[in-house]
Amino acid sequence: MRRSIAAAAAVVTLTATLVACGGSDGGSDKAGPTGPTGPTKGVGSSSTAQPAGEQSPGGSTQAPVGKLGDTLKLVGMEGSLNGTGTLEADFTLEKFENHAKSSIGALEPAAANRLVAAKFTIVETGTGTYQDSGYAEAMVYDANGQGYQGKPGTPTVGKSLGGLQLIVKPGQRVSGWIVFEVPKDAKITSVTYLMEKVGPDPERTGKWTLD
């Protein structure tokens with residue numbers, strides 16, 4: 001009996017010693033050293049932006065940002081309603097007209113407002129066909145942060161972007177203007193475009209600042 005008690009005490013002592021030392025494989029189930037600490041970029045991140053574009057702080061959940069003349073790469077939703085293939089396009093804000101005129105008199109703005117217009121060039125770089133309204137996806141924002149959505153219409157400076165329906169096939173390039181109605185005294189500071197506008201999604205929204 002005394003030998004059994006002594007043997008049991010020895011086992012307990014040995015076990016305590018191993019635990020205190022971490023055991024023969026202590027920590028082996030923990031992750032080892034990691035690679036670079038920079039954030040992983042998703043398909044919608046602004047790391048895909050063309051030169052002169054930049055990403056807002058906060059990682060891939062933020063909108064890619066550039067300035068007038070820059071090209072930003074945007075992607076469509078996973079499981080897009082546009083059919084098969086991936087939607088990915090390069091968007092360039094080519095020009096901005098701060099005092100635009102409508103080519104159709106009936107579409108002139110209300111007395112207290114004015115028209116502005118933004119010219120976009122879109123190149124579909126994915127394998128799917130991009131289809132949208134051609135104007136509702138775009139917004140302009142004033143210095144107070146108030147947004148104004150694009151509207152149907154054609155300015156006198158050029159043709160509209162896709163009319164009532166924009167269709168861009170893989171490898172195709174389209175250009176055109178989107179018009180916006182804003183207050184006469186509004187100072188427009190930025191333009192945005194949300195690819196496949198089904199609710200807000202920063203990763204699918206490009207933003208261009210205006211000097």
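Biologist: What classes of residue make up the lining of the second largest pocket?
Modeller: In this predicted model, four nonpolar, three polar and three charged residues line that pocket.

Biologist: Which of the lining residues lie nearest its centre?
Modeller: M139, Y141, T192, L194 and T205, out of 10 in the lining.

Biologist: Which element gives the most to that lining?
Modeller: β11, with three residues. β7 and β12 (205-209) also supply at least two each.

Biologist: And how much space lies in the pocket?
Modeller: About 160 Å³.

Biologist: Switching to the inside. How many residues has the largest nonpolar core?
Modeller: The largest nonpolar core has 29, and F91, F120, V140 and Y193 have the most contacts inside it. Elements giving two or more residues to this core include β4 (88-100), β5, β10 (173-183) and β11 (188-194).

Biologist: What is F120 in contact with, leaving aside its neighbours within four places in sequence?
Modeller: Among others, L93, A138, L161, V174, I178, V191, Y193 and W208.

Biologist: Which residues are in the second core?
Modeller: That one is separate and has five residues, among them A100, A117, W177 and V179.

Biologist: Where does pLDDT stay under 50?
Modeller: Over residues 1-60, where the model has 39 contacts beyond four places in sequence. Where pLDDT is low, the predicted coordinates should not be read in detail.

Biologist: Which elements have the lowest and highest mean pLDDT?
Modeller: Strand β1 (residues 54-55) has the lowest, at 35, and strand β5 (residues 113-124) the highest, at 97. For the protein chain the mean is 74, with 64% of residues reaching 70 or more.

Key. Residues are numbered from 1 along each chain as its sequence is written. This is a predicted model: local features need pLDDT of at least 70, side-chain atom pairs count only at pLDDT 80 or more; totals for chains, interfaces and linings use all residues. Side-chain values use heavy atoms; hydrogens and water are left out. pLDDT is the predictor's confidence in each residue, from 0 to 100. Helices (H or I, at least four residues) and strands (E, at least two) are DSSP runs, numbered from the N terminus. Contact means heavy atoms within 4.5 Å. A nonpolar core is a set of buried Ala, Val, Leu, Ile, Met, Phe, Trp, Tyr and Cys residues joined through side-chain atoms within 4.5 Å. Buried means under 20% relative accessible area, exposed over 50%, partly exposed in between (1.4 Å probe, protein chains only). On a 1 Å grid over the protein atoms alone, a cavity is a set of points where a 1.4 Å probe fits but cannot get out, and a pocket is an open set with protein on both sides within 12 Å along at least five of seven lines; lining residues have an atom within 4 Å of a point. Grid points are joined across faces, edges and corners, and a volume is the space filled by probe spheres set on the points. Ala, Val, Leu, Ile, Met, Phe, Trp, Tyr, Cys and Pro count as nonpolar, Asp, Glu, Lys and Arg as charged, and the others, Gly among them, as polar.
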